[in-house]
Amino acid sequence: MDNKNELFPVVDMDGNTIGSILRSEAHNGSKILHPIVHLHVFNSEGELFLQHRPAWKDIQPDKWDTACGGHIDYGETVDKALQREVKEELGMTDYEPKFIKRYVFESQREKEMVNVFYTVYDGKVSPSEGELDGGRFWTINEINDNLGNGTFTPNFENEYNTILKPFYEDIEFLV
């Protein structure tokens, strides 16, 4: 289970740390802005790796989601959080993340400042058995065919539609 006593930074709209909050408080409907990292993992064929969230997760259980997503710990930088989360969740250490953008995502239970990265990676992806319920590469057609039917997290669908689709043509494997 998630550690409800984890300490997250509270940030302002510029991403500056202005305090701290427990995970349990961040996800209880308080909508206090806290930062997270996302890494979208494409292979050279243009397929996108998605993780399957375990049924025990406190947010969006049993849904397909961004390859790697995680909270930034209090006192941790965005880059360090990304490295830690990617290693923990996917077992990847030899990849080159590229920053896309930062935006605020708000759901009924939380408000997050999302730092979005991508990489093109053809190495082995080893989803953590303790954190994930597996994962796989999806074709863009498979993703498009499953949008809006409850397969994916709302955060992934929003990010896919507003950031990845428009950005897709600029990703290096298509150049």
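Predicted model: local features only at pLDDT ≥ 70, side-chain atom pairs only at ≥ 80, totals over all residues.
Biologist: Let us take E3. How many of its residues are buried?
Modeller: In E3, 9 of 9 residues are buried. Buried means under 20% relative accessible area, exposed means over 50%, and partly exposed lies in between, with a 1.4 Å probe and protein chains only. Strands (E, at least two residues) and helices (H or I, at least four) are DSSP runs numbered from the N terminus.

Biologist: Which residues of E3 point which way?
Modeller: His 34, Ile 36, His 38, His 40 and Phe 42 point one way, and Pro 35, Val 37, Leu 39 and Val 41 point the other way. In a regular strand the side chains alternate between the two faces of the sheet.

Biologist: Which strands does E3 pair with, and in what sense?
Modeller: E3 runs parallel to E8, joined by 9 bridges, and His 40 has Tyr 118 as its bridge partner there. E3 runs antiparallel to E6 over 4 bridges, with Val 37 opposite Gly 70. E3 and E4 are also antiparallel, over 2 bridges, and Phe 42 stands opposite Leu 48. Two strands count as paired if DSSP finds at least two bridges between them.

Biologist: What lies between E3 and E4?
Modeller: The two strands form a hairpin with 5 residues between them, and Gly 46 in the turn has a positive phi of about 90 degrees.

Biologist: Where are the other hairpins, such as those of E1 and E7?
Modeller: E1 (residues 7-11) pairs with E2 (residues 17-22) in the antiparallel sense over 5 bridges, and Pro 9 stands opposite Ser 20. Their hairpin has 5 residues between the strands, where Gly 15 takes a positive phi near 90 degrees. E7 (residues 98-106) and E8 (residues 111-120) are antiparallel over 8 bridges; Phe 105 stands opposite Glu 112, and 4 residues join the two strands in a hairpin.

Biologist: Which residues other than glycine have a positive phi?
Modeller: Lys 31 is one of them, with phi near 55 degrees, and Asp 62 is another, with phi near 60 degrees. Most residues other than glycine have a negative phi, and most peptide bonds are trans. Lys 31 lies in the loop between H1 (23-26) and E3, and Asp 62 in the loop between E4 (48-52) and E5 (64-66).

Biologist: And why does Asp 62 count as partly exposed?
Modeller: Asp 62 counts as partly exposed because its relative accessibility is 48%. Lys 31 is also partly exposed, with a relative accessible area of 30%.

Biologist: Changing topic, how does the span of H4 agree with its number of residues?
Modeller: At 1.5 Å a residue, the 14 residues of H4 should span 20 Å, and the end C-alpha atoms are 19 Å apart, which agrees. The expected span is 1.5 Å times one less than the number of residues.

Biologist: Where does H4 bend?
Modeller: H4 bends by about 45 degrees at Tyr 160. The bend is the angle between axes fitted to the seven residues ending at a residue and the seven starting there.

Biologist: Lastly, what lines the largest pocket?
Modeller: The lining has 33 residues, and Arg 23, Arg 53, Ile 59, Gly 69 and His 71 lie nearest the centre. H2 gives the largest share, 4 residues.

Notes:
Residues numbered from 1 in each chain as written. Heavy atoms only, no water. 1 Å grid on protein atoms, 1.4 Å probe; cavity = no way out; pocket = protein on both sides within 12 Å on 5 of 7 lines; lining within 4 Å.
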